Amino acid sequence: MLHIWGRLSSINVRKVVWCAQELGLSFQRTEAGGAFGLVNTPEYLALNPNAMVPVIEYGDGQQPYTLWESNVIVRYLCARHAAGTLYPEDLQDRFDAERWMDWQQTTLNPAGRDAFLQLVRTPEAQRQPALLAASVAATAPLLDLLDRHLARQAFLAGDAFTMADIPVACEVHRWLALPLQQDADRPALMRWWQAIKARPGALGVLDLIPT
Ligand SMILES: N[C@@H](CCC(=O)N[C@@H](CS)C(=O)NCC(=O)O)C(=O)O
């Protein structure tokens, strides 16, 4: 049995839920983090000393396997259940996918985070326009880069959907939902996004309005 801890308003939880659905795994999810709290209880801290979501517990018996860090969870689930497809077997193909996952965590997410926090999580009167502007300015060239990349191939790591598409699409999902003028012409990115969004595994995740 797979148990996922975390609230769906977290982008990092959404990655894991979508991944589990994509793999056809049955799972239970317990709300945790944000308004749901729980993450600072001793029981939760024993699962994740960072007091963050998501966490998975996987397996039966007294000592299920526990894992935190969203992209690592996605890698693990794909390696276990989709070796050769979502988790590429060929080493170079696999690390091509790995690269995009790290890029989401280390580059795309830090660039776009302030725009999300300002526009969605900060009351209008307290917003800092400079933070918003800097975040938009940092994200636009990254989306352009994605558009150029996706003009050459159907998915991030080649012709087929892999684990790499999950974290990056969760980020694009959050970005496209922002009340910003999204007027840049990025046809390849949008073609990829529409294909990703239509995947049955993404239902209940990529159709959510990020809050
Ligand atoms: N690098 C971690 C980051 C996890 C993270 O930042 N989680 C946030 C939600 S997106 C969190 O737990 N915040 C505290 C809370 O929700 O109470 C991962 O990818 O899993």
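Begin by selecting aspartate 96, which counts as buried because its relative accessibility is 18%, where buried means under 20% relative accessible area, exposed over 50% and partly exposed in between, with a 1.4 Å probe and protein chains only. This residue is found in helix α4, helices being DSSP runs of H or I with at least four residues and strands runs of E with at least two, numbered from the N terminus. Aspartate 96 touches Leu156 and Ala157, leaving out residues up to four places away in sequence, and contact here means heavy atoms within 4.5 Å.

Two notes on reading the model belong here. This is a predicted model, in which local features need pLDDT of at least 70 and side-chain atom pairs count only at pLDDT 80 or more, while totals for chains, interfaces and linings use all residues. Residues are numbered from 1 along each chain as its sequence is written, and side-chain values use heavy atoms, with hydrogens and water left out.

Next, select helix α4 (residues 91-121) together with helix α5 (residues 129-150), whose axes come within 8 Å and cross at roughly 145°; the axes are lines fitted to C-alpha atoms, for helices over the stretch in contact, and angles run from 0 to 180 degrees between N-to-C directions. Among the residues that make the contact are Trp100, Trp103 and Leu108 of α4 and Leu142, Leu146 and His149 of α5.

Now pick leucine 146, which touches Trp100, Trp103, Leu108, Leu156, Val168, Val172 and Leu189, not counting residues up to four places away in sequence. Leu146 also belongs to the largest nonpolar core, which has 62 residues, and with Trp18, Ile56, Leu77 and Trp192 it touches the most other members; such a core is a set of buried Ala, Val, Leu, Ile, Met, Phe, Trp, Tyr and Cys residues joined through side-chain atoms within 4.5 Å. Helix α4 gives the most to this core, with nine residues.

Colour the chain by domain, using domain 1 (2-81) and domain 2 (91-201), with bounds that come from an automatic or database domain assignment. Their C-alpha centres lie 22 Å apart, and 15 residues of domain 1 are in contact with 19 residues of domain 2.

Finish at proline 54, in the loop between α2 (42-47) and β3 (55-58), which counts as buried because its relative accessibility is 3%. Leaving aside neighbours within four places in sequence, proline 54 is in contact with residues including Trp5, Tyr44, Trp68 and Ile73.
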